[in-house]
Amino acid sequence: MSLPADPPLLLVGTDFRCSPIEIRERVAFHGEDSEHALVHLLARPGIAEAYLLSTCNRTEVYVQPRDEDEAYRSVLDLIFLNRAPDLEKPGRLYVKRNSEAARHLLGVASGLESMVLGEPEILGQIKQSAALAETVGASGPVVRRLLRSAFSAGARSRQETAITAGAVSLGYAVVELARNIFSGLEECRVLLVGAGEIARSVARPLVERGARELVVTNRSIERAQQFKEEFPLAELVSFEQRLDAVRSADVVVVSTSADEPVLTRKQLKEAMKSRSTRPLLVVDLGVPRNVEPSAAKIDNLFLHAIDALEHIIQRNLKRRREEVPHVEEIVEQELDHFRHWFHSLEAEPVVASLQKQAERIRQDEVAAVLSRFPAETHADLERLTRSLVRKILHHPSTRLRSRNGAQDLAHLEFVRELFHLDDDEPSEGHDRS
Amino acid sequence: MSTFLDLATLLLPLLYLGAAVAYGFVFFAAHPTAGRVATPALHGAVVLHLAYLVCLILRHRQFPAATVSQALSIVALAVAIVYVFVEWHGRERSTGFWMVALVFFFQLLSSVLVRPNPPDRQIFHDALFSTHVSLALLGYAAFVVGAAYAFLFLQLYRDLKAGRFSTFYGKLPPLEVLERMMLGALSIGFLALTGAVISGALYAEQLYHNAWLRDPKILVTLATWVLYASALLLRRLRRWQGRQTAVASLAGLCAILFSLVAVNFFFTDFHGFL
């Protein structure tokens, strides 16, 4: 029986484009939830293999169906409609089949489908979900190979293109600026003037990227305390002491709701005098501005307002968008490899029969002459003949596995006939992985 | 050997040009394959360059700085070797384009000015004199490298100050690293120049007694030495920041070029051996 032209896959999913957060959070699966969902999916007769990807922006189920209608119904009920009946509304879910489904996962792994183009965390999330599917026993040869192609597409996109290059959020833009000035964030002391939501969104990537010390100052002590709860290693200083803190800081991020500048040119000039020759990066995220703009004229001080960061983000997003065609090319290449692998499965029984027949002939011939050779040479004889058979069959086996398209099916029949391969060879032993 | 020397004279600028183009792709287009080509291309050119200088020594039996062409070739090689070390040590190629472009420029000048039969000068057989010339050329090469890093530092500094995130932003090492590289190169250059001045003074004293002190070339060199000494001292005392040191480094390079070109050609016969 011949295999279908395309790998049989079914994808049902929803993401940030189709559903609001209120719906997405209802169909979000974590830890044990995911495990149970996979077990229940596998219990359905129409599903042979399953893979569940659930992140804050998407929930997608990939299955290798035995019966496509039955598989679709099972996924819909078990994963989506049971938890969020609203998803039945048109446009909330997407369904993709075969190569389209595979292409979608490869695109997700490459960051093409992310809310922020090229977002790097998705590949790690795909790997985590893959590990879970493996543990539960939900992934079989097809899903496993599809995931391998997805990892490869994701890794290549990051290595060979600039799809993940540059900062595309305020926090990372500050990190990027700091990295253009200082030799390493690990040696930087960061002062946050203001402890609101903006300060937190900037502090997170700075801490994540290894900022040595985090100091925070805020007019209201309560807010500063709340900040410390989220960042326990942060040091609190009173608002009045902020100028002392500037003297020892390398990066100063100001984000208060004050109407007047909280750092003036004169104050910063004074602070710079008592610093070493180390530069100072001041990022003013306040509107109206929290740092006197004329402070930008001070030597060795780099002052940037929110517009400059926005400019960096837009520039980086543009660069990422320019990379999309290159990433799509990689996705197509990996999809081709996946399809190729799938088609090669058809050749496996023939290759296995060919190898088995050759091995049988080798054993018969060796057995016939073995007694004529001294015992100490028997091992060498075995090794030599095995190596000969392996080398002779290497090229034909590779060629058979790499056939392309249905027209080559005739070649398989021809090979069977040519080598008089038995039709009753068992085919269960074919390694599909 | 003479065929090899002729061939190398032609090939060296071409190889450095090829390497500079590859490094250019790394810098301007972040091309992944160019990065894999650039370093081996530069290494190949450096190996050929070393072989070229060894052949020059074997052929003429004297230190290969008897002509302007040979001196420029040594400076080119020294800059190339310094950059190869920097790239290997820092594991980053982002400044390669600027450094290799300089190497190409020096080697191109050297190849254009090459003389088939340089004069055999007794002076180049003297160990003290050869030490003086070697140290001076090493110093010049280090100052060239320092000035290149100073230039890049000032460009990035200006971009960061003005919030212009264009050509240099994101493509170069951070300001602090550029400054460190610049200071490292200037320190090496300063030590070598000091050695060159001392060995030159000792040698000149034997031959000319006090007359050499009035030579314009020596006066310009001493002024250059004072400029670098002041820049390094003020930076060490934390009176100057990176920007001032970078400007001084570029001024120093201008003084060196003036001393090498204008003074050598028009004002001195004392240093007229090149």
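Trainee: How many Å separate the centres of domain 1 of chain B and domain 2 of chain B?
Mentor: This is a predicted model, and the value is computed from its coordinates. The domain assignment of chain B gives domain 1 as residues 1-116 and domain 2 as residues 126-274. Taken over C-alpha atoms, the separation of the two centres is 21 Å.

Trainee: Which helix of chain B gives the largest share of the side of domain 1 that touches domain 2?
Mentor: In this contact 18 residues of domain 1 of chain B meet 16 residues of domain 2 of chain B. On the domain 1 side, helix 3 (68-90) and helix 4 (96-112) of chain B each supply at least two residues. By class, that side has 14 nonpolar, 3 polar and 1 charged residues. The largest share of it, 8 residues, comes from helix 3 of chain B.

Trainee: What radius of gyration does chain B have, and what would a compact globule with 274 residues have?
Mentor: Chain B contains 8 helices and 0 strands, and its C-alpha trace spans about 55 × 50 × 30 Å along the principal axes. Residues 24 or more positions apart account for 80% of the contacts in chain B with a separation of 6 or more, and buried residues make up 45% of the chain. A compact globule with 274 residues would have a radius of gyration near 19 Å, which agrees with the value for chain B, 19 Å.

Trainee: How many residues does the contact between the chains take from chain B, and how many from chain A?
Mentor: On the chain B side, helix 5 (127-162), helix 6 (175-208) and helix 8 (242-267) each supply at least two residues. The residues of that side divide into 9 nonpolar, 4 polar and 4 charged. The contact takes 17 residues from chain B and 18 residues from chain A.

Trainee: Why are the buried residues of helix 8 of chain A placed on the same side of the helix?
Mentor: The buried residues of helix 8 of chain A are A:Ile198, A:Ala199, A:Val202, A:Ala203 and A:Leu206. They lie on the same side of helix 8 of chain A because they cover an arc of only 125° around the axis. On the other side of this helix, A:Glu197 and A:Glu208 are exposed.

Trainee: How far apart are the end C-alpha atoms of helix 8 of chain A?
Mentor: Helix 8 of chain A has 12 residues, 197-208, and at 1.5 Å a residue these should span 16 Å. Just after the helix, A:Gly210 takes a positive phi of about 90°.

Trainee: Is A:Asn300 buried, exposed or partly exposed?
Mentor: A:Asn300 is placed in the loop between strand 9 and strand 10 of chain A, and its phi is near 70°, a positive value in a residue other than glycine. The loop between strand 9 (280-284) and strand 10 (301-305) of chain A also holds A:Pro288, and the peptide bond from A:Val287 to A:Pro288 is cis, with omega near 0°. Because A:Asn300 has 18 C-beta neighbours inside 10 Å, it counts as partly exposed.

Methods: Residues are numbered from 1 along each chain as its sequence is written. Chains are lettered from A and ligands numbered from 1 in the order in which they are written. This is a predicted model: local features need pLDDT of at least 70, side-chain atom pairs count only at pLDDT 80 or more; totals for chains, interfaces and linings use all residues. Helices (H or I, at least four residues) and strands (E, at least two) are DSSP runs, numbered from the N terminus. The expected span of a helix is 1.5 Å times one less than its number of residues. A residue is buried if 20 or more other C-beta atoms lie within 10 Å of its own, exposed if 12 or fewer, and partly exposed in between; C-beta atoms are placed from the backbone. The arc is that of the directions from the helix axis to the C-beta atoms. Domain bounds come from an automatic or database domain assignment. Two residues are in contact if their C-beta atoms, placed from the backbone, lie within 7 Å. Ala, Val, Leu, Ile, Met, Phe, Trp, Tyr, Cys and Pro count as nonpolar, Asp, Glu, Lys and Arg as charged, and the others, Gly among them, as polar. The radius of gyration is taken over C-alpha atoms; the globule rule is 2.2 Å times the number of residues to the power 0.38.
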